[in-house]
Amino acid sequence: MHKTRLTLSQIALFGMLGALTFGMKVAMAGLPNIEPVSLMVMLFAVVFGWKGLYPVYLYVMMELLLYGLGFWNVNYLYVWLILFLAALAMKKRKHPLWWALLSGGFGMAFGLLCCPVYASLGGWDYAFRWWMSGIVFDVPHAIGNFVIALVLFLPLRKLLTRLYAKMS
């Protein structure tokens, strides 16, 4: 069998992880911009490599199905990829502080990363005002991401690595 093809067990795992990521975000929806998605995207990159994009974009597809189509959906097509690539670049880092800093920084930058889409709608002035008005949400997003990654990244990395090794 070709190494880049997904096995049936990998398809099942990625399907469950994409759905779990979505379910966790929905369960935490009452908290302002505090979500586990950033943590999961980093874990998928580090543990599964490029195959980790399967659960990431399954999560994005579920967002589209539940919340419908809108300009904000375009953001999800690339912002999660940016975090994924950053995590791939840091793959060898072991200390949880690195992952907390990446995740917290991403949470703080999330609104800024969405600006190109909003600039295409109303110009850069509109995008800048949209970003500035959202900083009050980016701050709890950054803090939540930092704490979640600091506490959960290493244990979940070990768990997913063991699980994936049994399937490959």
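Biologist: At what angle do α1 and α2 pack, and how far apart are their axes?

Modeller: This is a predicted model. In it, α1 and α2 pack at about 160°. Their axes lie 9 Å apart.

Biologist: Parallel or antiparallel, then?

Modeller: Roughly antiparallel, because angles over 145 degrees count that way.

Biologist: And is the crossing left-handed or right-handed?

Modeller: Right-handed, as α1 passes α2.

Biologist: Which residues meet there?

Modeller: From α1, take L13, F14, L17, T21, M24 and K25. From α2, take V37, M40, F44 and F48.

Biologist: How does that contact of α1 with α2 split by class?

Modeller: Nonpolar residues number 8. There is 1 polar residue and 1 charged one.

Biologist: Let's switch to α5. What angle does α1 make with α5?

Modeller: About 155°, with the axes 9 Å apart. Helix α1 covers residues 8-27, and helix α5 covers residues 96-167.

Biologist: So how are those two oriented to each other?

Modeller: They are roughly antiparallel. Their crossing is right-handed.

Biologist: Who makes the contact between α1 and α5?

Modeller: On the α1 side, S9, Q10, L13, F14 and L17. On the α5 side, L160, L163, Y164 and M167.

Biologist: I've seen some of those names already. Where do L13, F14 and L17 of α1 make contact?

Modeller: L13, F14 and L17 meet residues of α2. L13, F14 and L17 also take part in the contact with α5.

Biologist: Zoom out. How many helices and strands does the protein have?

Modeller: It has 5 helices and 0 strands. From the N terminus, the order reads α-α-α-α-α.

Biologist: What does the radius of gyration say about the protein?

Modeller: The protein has 168 residues, so a compact globule would come out near 15 Å. The protein has 16 Å, which agrees.

Biologist: And what are the spans along the principal axes?

Modeller: The C-alpha trace spans about 50 × 35 × 30 Å.

Biologist: Last topic, confidence. What is the average pLDDT?

Modeller: The protein averages 94. A score of at least 70 is reached by 98% of the residues.

Biologist: Which helix has the lowest confidence, and which the highest?

Modeller: Helix α4, residues 71-89, is lowest, with a mean of 93. Helix α2, residues 37-48, is highest, at 98.

Note on methods:
Residues numbered from 1 in each chain as written. Predicted model: local features only at pLDDT ≥ 70, side-chain atom pairs only at ≥ 80, totals over all residues. Heavy atoms only, no water. Axes fitted to C-alpha atoms, helices over the stretch in contact; angles between N-to-C directions. Helix = DSSP H or I, 4+ residues; strand = E, 2+ residues; numbered from the N terminus. Parallel < 35°, antiparallel > 145°, perpendicular 65-115°, else oblique. Left-handed = near helix turned anticlockwise from the far one by under 90°. Contact = heavy atoms within 4.5 Å. pLDDT = per-residue confidence, 0-100. Nonpolar A, V, L, I, M, F, W, Y, C, P; charged D, E, K, R; others polar. Rg over C-alpha atoms; globule rule 2.2 N^0.38 Å.
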